[in-house]
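Please open the model in the viewer and follow the selections below in order.

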Amino acid sequence: YRQYFLELEKAWNSPEKVMARALQIARRQIEQLQEKCHMLIVQTQEQDRMIQEIKPKAQYLDNVLCSKSLVLATQIAKDYGMSGTKFNSLLAELGIQYKMRDQWLLYAPYQNQGYTASTTFLIKHSDGSVSSRSQTEWTQKGRRFLYLILKDNGILPTVERQLLEMTEQRRGGEGSNAGRSG
């Protein structure tokens, strides 16, 4: 028996057998790496697709935030899928502003921060008389401030909610696949 095991060990350790085993291991590793590479290619393609989808929206937001123009609360409200009335009421509920003589004004902690500007415009009446009215308009700094406050309160712009939903849907699909393979 001893001679049999010695020959068996000799055959097992022969250069040809060692090389054959090494090639089998290398083939398995190559197959695993090819599979992983394929998965990464698919993932990269999906990410590229998402980037192309998000890119115009990000550019739009960059342009909006860099703009020096003033915007009405109603315009910002539309980003959140709300009416101007509902949006102004929400800001009042959050303690940001209050209404005085038909104009929304910021509470003291938010005044003089460069968030808003008061603009006055003339109204010509049907009888020919003219009066003026003031309204509060938001700066881009103010718009960013509102975004951060609203986000802290779980309120996101419609576009961001949609992106978040898309991301969660994709993660949900990946999560179920990851659960099966583990």
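Which residues of α5 are buried? Select Gln 140, Gly 142, Arg 143, Phe 145, Leu 146, Tyr 147, Ile 149 and Leu 150; buried means under 20% relative accessible area (1.4 Å probe, protein chains only). This is a predicted model, in which local features need pLDDT of at least 70, side-chain atom pairs count only at pLDDT 80 or more, and totals for chains, interfaces and linings use all residues. Residues are numbered from 1 along each chain as its sequence is written, and side-chain values use heavy atoms, with hydrogens and water left out.

Just after α5, Gly 154 takes a positive phi of about 75°.

Now select Tyr 110 and Phe 145. Their ring centres are 5.1 Å apart and their planes lie at 45°, so the pair is tilted; rings of Phe, Tyr and Trp (its six-membered ring) pair if their centres lie within 6.5 Å, with planes under 30 degrees apart counted as stacked, over 60 as edge-to-face and the rest as tilted. Tyr 110 lies in the loop between β2 (103-106) and β3 (116-124), and Phe 145 in α5 (residues 140-152), so the pair ties together parts that are 35 residues apart in sequence. Phe 145 is buried, at a relative accessible area of 10%.

Finally, select Tyr 80. Its contacts (heavy atoms within 4.5 Å), not counting residues up to four places away in sequence, include Phe 87, Leu 146 and Arg 161.

Definitions and conventions: Helices (H or I, at least four residues) and strands (E, at least two) are DSSP runs, numbered from the N terminus. Buried means under 20% relative accessible area, exposed over 50%, partly exposed in between (1.4 Å probe, protein chains only).
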